[in-house]
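Hello,

Here is the structure for your files. My notes follow below it.

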Amino acid sequence: MELANKKVLVVGAGKSGLAAVKKLKALGANVILTDRQEMDKLEGVAELGLADGQLVVGKVPQWEEVQADLIVLSPGVSPLLPFIQEGLAKGVHIWSEVELALREHQARKVGVTGTNGKTTTTTLIGELAKRTGQQALVAGNIGVALSSQVDELPQDGIVVAELSSFQLEWIESLRLNIAILMNLTPDHLDRHGTVENYLAAKARIFENQTEEDLAVLNWDDPMVRALGTTLKARVTYFSSASFLEDGFSLLGDSIVYAEKGQITPIIERQELQLRGSHNLENVMASIAAAKELGLSWEEIVLGLREFKGVEHRQEAVGTYDGILFINDSKGTNPDAAEKALYAFEEPIVLIAGGKNKGLDFHDFMKIVKAQVKSLVLVGMAADEMEQAALDEGVKRILRATSFENAVELSIGEAVAGDVVLLSPACTSWDMFKSYEERGEFFKELVRRHYREPIF
């Protein structure tokens with residue numbers, strides 16, 4: 001679609017929306033930006049140089065106010081808003097910001113999606129991609145809008161994009177040369193309604209692939225594995241639970257690649273700096289992508305050995321008075337938090353809570369009962385989390401009056417040899433703008449209590 005002189009409506013004035021506006025203006029489009037927040041709460045909008053008629057803020061507009069040839073929808077905005085539904089009914093196309101950013105770029109494109117592990121896998125692939133000698137860009141749902149970065153990338157570069165279900169819902173022609181689906185557990189059901197709808201949104205990552213492309217799937221997830229027989233692309237699998245005769249898996253303590261009976265050892269798990277069996281899956285998926293990008297096994301191993309992990313994902317804040325503090329603020333659903341709990345053998349004091357996404361906590365609390373010494377609850381979901389914990393027999397439950405109080409309580413519960421783990425199993429949106437802000441505040445609060453950390 002030629003965008004010059006087209007009327008394009010951008011919905012949402014967050015990072016994605018601002019980046020989309022700038023790119024659309026550069027392409028010569030006539031842009032309208034709308035957001036339900038008032039202008040004084042919208043950072044960066046004034047600097048866009050939009051005229052009064054190009055801004056509809058402080059309300060949910062009617063279609064007549066914003067009617068356009070194309071809608072670019074920010075990930076956090078519900079497509080069920082009446083003016084968006086009216087646009088759809090009139091045949092107006094909706095794109096996500098990643099569709100706008102990447103549809104015309106000729107770079108090799110790697111896309112990573114799934115309920116958990118996306119950020120670690122995306123970041124690791126980005127680090128490995130740099131070893132190809134080509135310029136590599138890591139962006140997307142990872143916190144950097146693609147539209148704000150991709151025009152600086154050469155056409156022979158590599159894009160590694162973390163892609164959420166919200167972003168994938170509204171792709172149109174975006175083709176991923178390498179597409180990875182890490183796993184699928186119930187999440188965002190307040191948006192998608194059912195697990196089947198959620199899977200359908202995730203599976204769109206493979207939609208425009210051809211037989212020249214590669215799909216990387218988790219063998220251990222039945223819903224993900226089942227997609228393999230339906231795809232046009234070549235398919236490779238990874239497994240941390242079973243040895244695969246074709247694909248990436250564990251043989252003893254070695255990550256290996258097997259193809260037609262030939263086994264190639266790649267790296268020993270103790271050589272990795274990442275903790276937890278779930279990180280083996282992230283590493284295997286990353287190896288599959290790196291191999292497709294043309295790296296040798298030796299180059300891949302060097303990159304894996306050096307990779308320390310991702311901020312806010314099982315990030316070691318420090319060891320203070322013998323207590324290890326871990327920031328896993330990115331654990332925004334029960335499945336992610338469960339993985340963090342299984343990563344540590346030490347007694348755990350867990351800080352959990354925030355805003356629920358329509359998920360049930362009973363199965364999570366069964367894990368908490370087995371793995372956690374003390375449970376500190378905070379935020380909007382604290383009541384339902386406490387009830388689930390009581391239902392499942394969790395013995396030591398503390399209720400915090402604020403996030404600061406939650407950290408105070410957790411420090412009071414911990415002794416030398418324990419782990420204080422922030423892994424909320426909820427979003428941050430009741431108290432913070434993002435999981436990053438929550439994680440940074442956690443680290444700040446911990447450091448207020450102690451001297452410099454001793455690792």
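**Second largest pocket**

Strands β15 (315-320) and β16 (323-327) each supply at least two residues of the lining of the second largest pocket. The model is predicted: local features need pLDDT of at least 70, side-chain atom pairs count only at pLDDT 80 or more, and totals for chains, interfaces and linings use all residues. Residues are numbered from 1 along each chain as its sequence is written, and side-chain values use heavy atoms, without hydrogens and water.

The pocket holds about 300 Å³ of space. It has 16 lining residues, and Q273, R275, K308, Q314 and A316 are the closest to its centre. The lining divides into 6 nonpolar, 5 polar and 5 charged residues. (A pocket is an open set of points on a 1 Å grid over the protein atoms alone, where a 1.4 Å probe fits, with protein on both sides within 12 Å along at least five of seven lines; lining residues have an atom within 4 Å of a point.)

**Helix packing**

Helices α13 (residues 362-371) and α14 (residues 382-391) pack at about 60°, with axes 8 Å apart. H362, F364 and M365 of α13 meet M385, A388, A389 and D391 of α14 (contact means heavy atoms within 4.5 Å). By class, this contact has 5 nonpolar, 1 polar and 1 charged residues.

Helices α5 (residues 118-129) and α10 (residues 278-292) pack at about 40°, with axes 9 Å apart. Their contact has 7 nonpolar, 5 polar and no charged residues.

Best wishes

Terms used
Axes fitted to C-alpha atoms, helices over the stretch in contact; angles between N-to-C directions. Helix = DSSP H or I, 4+ residues; strand = E, 2+ residues; numbered from the N terminus. Nonpolar A, V, L, I, M, F, W, Y, C, P; charged D, E, K, R; others polar. Points joined across faces, edges and corners; volume = space filled by probe spheres on them.
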